Amino acid sequence: MAEAQAASGRTQRLGTIFGRFGLASFSSAIVSVSHLLVQLFSIHHLATTGIGVLAFLLVIIQFGYSLSNALVSTPYTIAVNQGEDVDRAAHGFFFPVNLLLSLSQGLICAAIAWTTASPQAALVFGLAGTLSLIRWFGRSNAYAHHAPMQAARSDIAYAATILIGLLVAMRTGADLTGIGTMLVAASLAGLLPFGSPYLRRHVAMSPLAALRAYRPVWKEQSAWTLVGVLSTEATSNAHSYAVTLLAGPTAFAPIAVGMLFFRPVNVCITALTQLERPRMTRAVARGDHQGAIQSERIFMGALVFLWLGTCVVAAAALYFFPGLILKPTLDHELVITAVALCALLSLVQCVQTPMSVMTQARKAFRPLAAQSLRSCGIGVAAVTLLTLLVAPVFSIAGVVLSQLVMMLGIWQLDRSWRRSQAEG
C-alpha cells in the first residue's frame, strides 16, 4: 500500500513537472520548428551567401532577445514578483524603454541587410527586428504575471503564419526579402494575443519620463546584466561574428547549418527561463531557498532532456535524410563537425542556464557579470585564433571553452550561496 502511494506520488510529481514545462516547451518548439523550416527553405532556395546573411540576421535578432532580457524583461519580472502586494501599474515605464530598444534593434538589422543584401531586405528586416522585440517583451510580460497561455497563443500564431508563408513560397518562390516579409507578418500575428492595451502601454509615457523612472533600475540591475549579456554574447556568438567578418558569409554557412539543429534547444532555454525566473524570484523573496533550489534542479533536468531529444533527431536526420538538410555545395564533413561541436556547446548552456537564473533571482548581478567578463576574454581570443589558424568551423570549440569557464564560475557562486543557506 505504501509503495503504491509512493509510486502514485512520483507519478503526480512527474505529471506536474511535464505540465509545468509542457506548454512553454511546446509553444517554443513550434516557433523553433518554424525557424528551422525557414532556414531549410533558405538552404534550398538562396545562394550560399544568402544563407549566411539570413543566419547572421537571425543571430542578431536572437541577440536582441538577450538584450531585452537584460534591460527590461528580467528587471520587470523581478520587480513584479517581489511580493503579493506589489503595485504592478507602477512599472509601466518598462514598456516605453522596450519600445526604444526595439527601434534600435530594427535600425541595426536594417543597416546589416542594407550592406549585405538590398534596400528592400533592409526595410523588411528592420521591421522584423523591431516587431520581434515588441512581441518578445509581450511574452515576458505574460510569464511575469503567470499567464503562460497568453504567451503560448502568441507563439502558435507566430509559427502558423510562418508555415502559411512557407506553403505559399514553395509554390511561388521567395528571395531574402520574401523571407523577411514572412517574419514581419509572423510577428504581427504574434502580437494579436496581447491585445491593443499592451501596445498602448508602449506609448503611454514619454520616452524621457520613462528613462528617468528607469534610472534606478539601471543602476541597481540593468547595468550589470548588460555587462553580462554583452560579454556572454561576445562569447557565445563570437564564432558567428568572427567567421562572418574574417572569412565571409560563405564560410559561415556550415556553422549556420550546425547551429540550425540546436536552435530548438536555444529557443526552449530562453522560453523556460522566462517561465522559471518568476518562480525562482518569488521563492527567494519568500525565503523559500529549498523551493528555489528544487526549481533550479527541475529546470536543469528539463533542459538536458530536451537536449538529448534534439541530439537523437539531429543524428537521425543526418544519417537517414542528409539530402533534406544539406545541399551539394556544402561540405558534408564540415557540417557534421559543426553539429557535433554545437551539441557540446548546447549541453554546457543547458547546465549553466538554471544556475545563472538562480543567481539573477538572488540579485547577484555584479558577481555574475564578473564571471561573464572573465569567460569573454578567453572566448574571443580562442575563437579569433581558431578562425585564423584552422578551419573556421573549429571556432565553435573556442566558444565551448569559454562557456565551460563561465559554467564553472557560476557553479562556484551557486555552491557558495547554497553553503551559506545551509549554515544559516
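**Cavities, salt bridges and a patch**

Author: Let's start inside: the structure holds four cavities of 30 Å³ or more. On a 1 Å grid over the protein atoms alone, a cavity is a set of points where a 1.4 Å probe fits but cannot get out. Grid points are joined across faces, edges and corners, and the volume is the space filled by probe spheres set on the points. Keep in mind that this is a predicted model, where local features need pLDDT of at least 70 and side-chain atom pairs count only at pLDDT 80 or more, while totals for chains, interfaces and linings use all residues. Residues are numbered from 1 along each chain as its sequence is written, and side-chain values use heavy atoms, with hydrogens and water left out.

Reader: How much space lies in the second largest cavity, and which residues are the closest to its centre?

Author: It's about 260 Å³. Lining residues have an atom within 4 Å of a point. Here there are 21 of them, and Val31, His35, Gln62, Tyr65 and Tyr158 sit closest to the centre. Helices (DSSP runs of H or I, at least four residues, numbered from the N terminus) that each supply at least two lining residues include H1 (2–45) and H2 (48–80).

Reader: How many salt bridges does the structure hold?

Author: A salt bridge is a side-chain nitrogen of Lys or Arg within 4 Å of a carboxyl oxygen of Asp or Glu. There are two in this structure. In one, Asp155 pairs with Arg135, with the closest N and O atoms 3.0 Å apart. That pair links distant parts of the chain, from helix H5 (residues 148–172) to helix H4 (residues 119–144), 20 residues apart. Asp155 also meets Arg139, at 2.8 Å from N to O. Because they share partners, these salt bridges join Arg135, Arg139 and Asp155 into one network.

Reader: Which residues make the nonpolar surface patch?

Author: Such a patch joins nonpolar side chains (Val, Leu, Ile, Met, Phe, Trp, Tyr) within 5 Å, using residues with over 30% relative accessible area and no salt bridge. Leu385, Leu388, Leu389, Val390 and Phe394 make this one, about 510 Å², with areas from the Shrake-Rupley method. Phe394 is partly exposed, at 37%.

Conventions. Patches are made of residues with over 30% relative accessible area and no salt bridge: like charges are joined within 9 Å, nonpolar side chains (Val, Leu, Ile, Met, Phe, Trp, Tyr) within 5 Å. Accessible areas come from the Shrake-Rupley method with a 1.4 Å probe; for residues, only the protein chains shown count as cover. Buried means under 20% relative accessible area, exposed over 50%, partly exposed in between (1.4 Å probe, protein chains only). On a 1 Å grid over the protein atoms alone, a cavity is a set of points where a 1.4 Å probe fits but cannot get out, and a pocket is an open set with protein on both sides within 12 Å along at least five of seven lines; lining residues have an atom within 4 Å of a point.
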